[in-house]
Amino acid sequence: EFRRVLFRSHTFSQPDLTGISTEKAWEEIYLSKQKLEKMLKSTVDTFAYPYGRFNAVHCHQLKNAGYQTAVTVAPGGNGGNENRFMLKRTEIANQDTIFDFANKLKGGFDWIHRYVQRNHGLYPVPQKRGRENERFNR
């Protein structure tokens, strides 16, 4: 059976994007995409923010680099009006039981993940939706 394997970009050297210059962030974002696409001979159009840290500039850079979507570490599902460069996701771990998996799909552990991430400064996602981010929505 043929399986299609999808690869996602995560920067070139996995820095905290909020801790480096705008120019260095662009280099990390762009270089990662270019190298992966060259190696895989396939389009890489989704990005995962290292450590879940980013800001509105990074959303704009991803769009300019040709990415279609980006995922954060914010837990939960996504609706039709989500910013496609700030998508939420639910972590599924190797040690999860089928009960854990079913509960995660229903959002049963989202409150725990939000609590932990809030204590690490990751939730809600670093930038607020507002006027400065309107151009990055959808």
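Analyst: A nonpolar patch on the surface is formed by Ile92, Ile98, Phe99, Phe101 and Leu105, which together have about 560 Å² of accessible area. Patches are made of residues with over 30% relative accessible area and no salt bridge, with like charges joined within 9 Å and nonpolar side chains (Val, Leu, Ile, Met, Phe, Trp, Tyr) within 5 Å; a salt bridge is a side-chain nitrogen of Lys or Arg within 4 Å of a carboxyl oxygen of Asp or Glu, and accessible areas come from the Shrake-Rupley method with a 1.4 Å probe, only the protein chains shown counting as cover for residues. This is a predicted model, in which local features need pLDDT of at least 70 and side-chain atom pairs count only at pLDDT 80 or more, while totals for chains, interfaces and linings use all residues. Residues are numbered from 1 along each chain as its sequence is written, and side-chain values use heavy atoms, with hydrogens and water left out.

In helix H4 (residues 110-119), the buried residues are Asp110, His113 and Gln117. They lie on the same side of H4 because they cover an arc of only 65° around the axis, taken from the directions from the helix axis to the C-beta atoms. These buried residues pack against H3, contact meaning heavy atoms within 4.5 Å, whereas the face turned away from the buried side carries the exposed residues Trp111, Tyr115 and Asn119. Just after H4, Gly121 takes a positive phi of about 75°.

Note on methods:
Buried means under 20% relative accessible area, exposed over 50%, partly exposed in between (1.4 Å probe, protein chains only). Helices (H or I, at least four residues) and strands (E, at least two) are DSSP runs, numbered from the N terminus.
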